[in-house]
Amino acid sequence: MRRLFLLVMLFCLTVAGFGQDVRKKAISEIVAAEAAFQKMALDSGVRAAFAHFAAPDAVLNRNDVLLVGRDAMIGYMKKSTAINVTLFWKPDFADASNDGTLGYTYGKYKFSATDSTGKRIESEGVFHTVWRRQPNGEWRFVWD
């Protein structure tokens, strides 16, 4: 009976360690996805980056309006008349589930653009993004 107990304990510790390795790998991948997302926003534009990194069922919260789905999000961004849009952000923290399928980041962002009247718009604040591993292994955000 004692051996069985020790085997069960050893198994549990092994599984727990495996879960931590999966979690650490997922966190690293999420941070890399966040960095690639930021780079694409700077290089190709905010709309292109959001369209690429959003899961098909992503939800975007803008001005207390929930945009459900990538198509709704892209439609919302296409209606914007702002030009010279820049968005910079960097996560201060990232975490992931033990099974490596879901994670989140948060940190600070800075936004600037020029509106249709030529007025410069600037804001900064805190972002929170939820990431989900897709069936192909890539990370896409499901909440921003």
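**Buried and exposed residues**

Author: Gln134 counts as buried, at 14% relative accessibility (buried is under 20% relative accessible area, exposed over 50%, partly exposed in between, with a 1.4 Å probe and protein chains only). This is a predicted model, where local features need pLDDT of at least 70, side-chain atom pairs count only at pLDDT 80 or more, and totals for chains, interfaces and linings use all residues. Residues are numbered from 1 along each chain as its sequence is written, and side-chain values use heavy atoms, leaving out hydrogens and water.

Reader: Where is the place of Gln134?

Author: In the loop between strand E5 (120-133) and strand E6 (139-143). Helices (H or I, at least four residues) and strands (E, at least two) are DSSP runs, numbered from the N terminus.

Reader: What is Gln134 in contact with, leaving aside its neighbours within four places in sequence?

Author: Ala55, Pro56 and Arg140, where contact means heavy atoms within 4.5 Å.

Reader: OK, His52 next. Which helix does His52 lie in?

Author: His52 is in helix H2, residues 46-53. His52 is partly exposed, with a relative accessible area of 36%. Leaving aside neighbours within four places in sequence, its contacts are Met40, Arg70 and Arg140.

Reader: How many residues apart in sequence are His52 and Arg140?

Author: 88, while their C-alpha atoms are 8.3 Å apart in space.

Reader: Is Asp64 buried or exposed?

Author: Exposed, with a relative accessible area of 78%. Asp64 lies in the loop between strand E1 (54-62) and strand E2 (65-68).
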